[in-house]
Amino acid sequence: MKFRTAILAVGLALAFWAGPASATVTFKFAFQGDLKSLDPYSLNETFTHGVLGNVYEGLTKRGKDLKIIPGLAESWEVIEPTRWRFHLRKGVKFHDGQDFTADDVVFSADRARGPSSDVKTRLPADAKVVKVDDYTVDFILSGPNPILNAEWDTWYIMSKKWCEEHNSLTAQPQAGQQMNFAALHANGTGPFIITEHQAGVRTLFKRNPKWWGKLESNFDEVIFTTISNDATRVAALLSGDVDWADPIPLQDIPRVNASGTAKVLQGPELRTIFLGFDQYRPELRYSNIKGKNPFKDARVREAFYLAIDEKAIADKVMRGAAVPSALMISPLLFDLSKDFVRPAYDPEKAKKLLADAGYPSGFEVTMDCPNDRYVNDEAICQAVVAMLARVNVKIDLLAQPKAKYFSKVLVSGGYDTSFYLLGWTPGSFDSWNILANMYRCRDEKGVGGNNNLGNYCDPKVEELTNQVLVEGDKAKRDQLIKQAYEIGQVRDWAYVPLHQQALAWGVSNKVKVVQRPDNQILFYWFRKE
Amino acid sequence: MLAFIIRRMVQALLVMIVVALIAFTLFRFVGDPVNQMVGIETSAQERELLRQQLGLNDPVVVQFIHFIWSAVHFDFGASYQFKQPVIDLIADRFPATMELSVVSALFSLVFGIPMGVYAALHRNSWLSRFFLTVSLVGISLPTFLTGILLIFLFAVSLHWLPSFGRGDVVALGFWTTGLLTKSGLKALVLPGITLGLFQLALIMRLVRSEMIEVLRTDYIKFARARGLPDRIVYFGHALKNTLVPVMTIAGLQLGSIIAFAIITETVFQWPGMGLLFLKAVQNADIPIMSAYLLLVAFIFVTINLIVDLLYAAVDPRIRIDLRQA
């Protein structure tokens with residue numbers, strides 16, 4: 001690594017002294033976070049997976065419209081509900097020159113479910129992966145699973161031989177000194193090859209001339225740099241030092257658009273921002289109401305819902321860069337979303353509901369809020385506080401950095417919250433993920449609906465969730481999902497979904513990009529003049 | 001003399017242990033590192049296992065002793081974020097910070113001393129007033145603001161200099177340098193000025209007031225009476241005597257330049273240790289934080305020691321004091 005860096009640096013220096021090189025097309029992009037690990041199984045994070053999607057490939061991928069399309073598997077069929085057969089693409093080579101075969105798929109399936117992997121949910125733990133021949137693999141399941149390959153666009157296939165040779169048989173362990181070769185090097189099948197990686201600083205990609213597909217991008221070279229400071233990131237975009245920067249802070253969007261060198265590309269994101277309630281503790285931990293829990297009463301939850309003017313939040317706090325949502329899932333991911341309408345802002349009704357529930361003069365509760373996680377998260381919370389004050393609910397706002405916030409409200413902190421703001425993207429692009437994580441009952445240890453922080457619990461929703469998991473017919477399945485939302489959201493007001501925040505990519509006028517709502521940066525579709 | 005050095009070294013060791021202890025106490029308030037290491041869908045059992053493996057469930061005292069014991073062996077563990085040995089990460093970032101710090105220290109000395117001398121000699125000229133105003137701005141403007149203003153002026157509007165990063169670097173063994181390429185040198189200008197501006201103001205004001213003080217003394221009057229030319233009086237006699245405190249301050253300031261490079265590095269996305277540290281704080285990456293704090297404490301203590309020794313070497317009066325002590 002050091003040696004390679006040295007060669008590269010000297011090379012760059014020579015290239016510099018020799019004058020400008022020939023017309024290589026270089027795409028430079030900057031993101032606020034780091035590319036933390038090159039091991040595609042060690043961190044389940046959108047940005048990491050997105051960038052690695054240019055280097056690694058899954059059996060199936062997702063197209064520009066998020067539809068599942070063939071990747072390393074040319075085709076597949078469901079032979080019987082519990083047996084899926086995948087026909088692998090022939091003639092594909094890893095970047096190190098080895099052939100891609102069924103062995104790599106079987107190996108990757110084990111590695112992804114193995115110790116220290118953070119992508120264990122990509123395929124069922126008890127599924128058997130069987131090599132039929134070199135280019136055919138069967139997945140044998142314990143029960144039907146219609147969304148088996150829903151998340152496979154980010155279950156990247158790794159080379160068995162390469163991992164063996166470099167002692168990277170398991171994902172990079174989270175703890176311990178033992179360093180994994182795969183965390184700092186990459187060997188995929190994708191259209192770009194990582195030639196240099198300095199964790200937290202920059203990563204260099206070169207086009208893979210031997211890629212099996214037809215590359216839309218004209219980039220010869222791609223340079224990624226982390227720029228964590230917002231103002232610097234915007235300046236880098238405006239000065240032309242980078243061609244793409246994400247995210248652009250909302251207040252800088254007009255300035256970027258007026259610059260003449262770059263524009264902000266906004267689009268809906270899949271993440272839903274919402275409010276949740278502790279509705280299982282007999283007494284709220286952080287409230288002046290003692291001996292009972294007001295949030296157990298659906299009328300109180302409804303009152304909170306109606307007291308919050310989401311339109312004002314979207315227009316003023318989010319400066320229009322948010323789409324109010326009636327459900328906990330983006331309308332892009334659920335066809336029947338159109339059947340749900342967000343109830344209108346109605347503070348008078350909210351007051352009445354509170355009075356009916358026995359709180360005519362309101363009550364006090366503490367709200368947990370992150371202040372460096374989502375777009376304008378703390379400002380949203382402050383708006384919520386002001387709006388609830390109008391119906392006499394006094395909120396004590398506790399806004400903290402994400403490291404503190406998550407360690408308090410998640411399972412690791414014992415779900416230590418009474419009222420909170422959180423954001424959620426269903427990793428599988430599907431409602432089952434929402435139901436399983438947010439609407440399913442859980443125990444104290446988080447078994448069940450692990451991220452159902454307030455422990456909303458209803459046996460019928462539980463039953464529907466289990467049916468959704470195994471129902472293979474799409475129309476029927478959508479109806480089941482709809483029923484679950486009708487109970488959990490419409491009848492029980494389990495959450496207050498606020499909005500889907502908008503993506504804000506800063507894009508140089510020289511570059512054409514494809515923006516997908518899942519915010520993955522797949523530059524193999526980008527072009528530069 | 002030897003007793004003095006040994007005494008200082010024992011003090012230095014104590015300082016470092018105290019820094020480590022305070023740092024360790026503070027880490028209890030930065031949040032749970034495990035949340036930053038895994039995705040949100042990771043189950044409670046796996047999180048708990050990870051806590052066990054990282055030793056986060058041990059009592060703080062045990063963790064502290066374990067840390068000190070490893071640190072003595074130059075083992076600072078692996079970064080939670082990057083899964084790399086901390087020592088490698090810091091070694092990787094160290095040259096960037098040092099180059100930036102040295103360049104800005106030189107910048108502040110090269111400009112600060114002549115400006116101070118000028119302001120002392122021509123107290124009422126408009127240029128002196130201008131220097132003093134600039135130094136006031138340098139002292140009162142926060143670093144990040146200076147940095148952003150410079151970026152917008154020289155990178156966004158004028159396109160003269162890069163807005164971020166270190167440019168191309170050349171590796172000389174373990175040391176990477178940006179001093180040998182044009183883009184590397186260009187990249188140094190803005191962060192160098194940003195980081196050095198405060199020091200420049202400080203040194204200029206110090207030189208000015210010291211110089212004014214010295215010019216009032218009898219031996220300057222005597223030198224003039226001897227009919228020595230102004231140049232010798234000012235630079236041979238006055239400036240030389242001014243430089244003793246300046247040297248101390250400049251030396252001590254080098255330590256704070258290295259430590260306060262954090263903000264400049266963040267503004268310019270300069271890939272140095274400060275940036276690494278700030279990211280570590282945000283992500284509750286305890287191994288990096290503790291190693292960095294220890295290293296900075298070490299640098300401070302070392303510079304202090306060197307300055308003390310130099311001081312004695314330069315000023316004979318102090319040497320006599322030391323011998324008597």
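A residue counts as buried if 20 or more other C-beta atoms lie within 10 Å of its own, as exposed if 12 or fewer do, and as partly exposed in between, the C-beta atoms being placed from the backbone. The model is predicted, and local features need pLDDT of at least 70, side-chain atom pairs count only at pLDDT 80 or more, and totals for chains, interfaces and linings use all residues. Residues are numbered from 1 along each chain as its sequence is written, while chains are lettered from A and ligands numbered from 1 in the order in which they are written.

**Exercise 1. Determine how many of the eight residues of helix 9 of chain B are buried, and describe the backbone just after this helix.**

Step 1. Helices (H or I, at least four residues) and strands (E, at least two) are DSSP runs numbered from the N terminus, and helix 9 of chain B spans residues 218–225.
Step 2. The count of buried residues in helix 9 of chain B is zero, so that this helix is hardly covered.
Step 3. Just after helix 9 of chain B comes Gly227(B), whose phi is positive, at about 85°.

**Exercise 2. Find two residues other than glycine with positive phi, one in chain A and one in chain B, and state whether each is buried or exposed.**

Step 1. In chain A, Trp493(A) has a phi near 50° and sits in the loop between helix 15 (474–491) and strand 17 (495–508).
Step 2. Trp493(A) is buried, because 23 other C-beta atoms lie within 10 Å.
Step 3. In chain B, Gln269(B) has a phi near 45°, and its loop runs between helix 10 (230–267) and helix 11 (273–282) of chain B.
Step 4. Gln269(B) has 24 C-beta neighbours inside 10 Å and therefore counts as buried.

**Exercise 3. Work out the strand order of the open four-stranded sheet in chain A, and explain which strands stand at its edges.**

Step 1. Two strands pair if DSSP finds at least two bridges between them; the four strands of this sheet follow the order 4-5-7-6, with antiparallel pairing.
Step 2. Strand 4 (73–80) and strand 6 (128–133) of chain A each have a single partner strand, so they stand at the edges and one side of each has no neighbour in the sheet.
Step 3. From one strand to the next, the twist averages 20°.
Step 4. Strand 6 and strand 7 (residues 136–140) of chain A are joined by five bridges, and Lys128(A) has Ile140(A) in strand 7 as its bridge partner.

**Exercise 4. Characterise the packing of helix 13 against helix 14 in chain A.**

Step 1. Helix 13 (residues 431–439) and helix 14 (residues 459–470) of chain A pack at about 145°, with axes 10 Å apart; axes are lines fitted to C-alpha atoms, for helices over the stretch in contact, and angles run from 0 to 180 degrees between N-to-C directions.
Step 2. Residues are in contact if their C-beta atoms, placed from the backbone, lie within 7 Å, and in helix 13 of chain A the residues that meet helix 14 include Trp432(A) and Leu435(A), while Val461(A) and Val468(A) are among those on helix 14.
Step 3. The residues of this contact divide into seven nonpolar, two polar and no charged, where Ala, Val, Leu, Ile, Met, Phe, Trp, Tyr, Cys and Pro count as nonpolar, Asp, Glu, Lys and Arg as charged, and the others, Gly among them, as polar.

Note on methods. Two residues are in contact if their C-beta atoms, placed from the backbone, lie within 7 Å.
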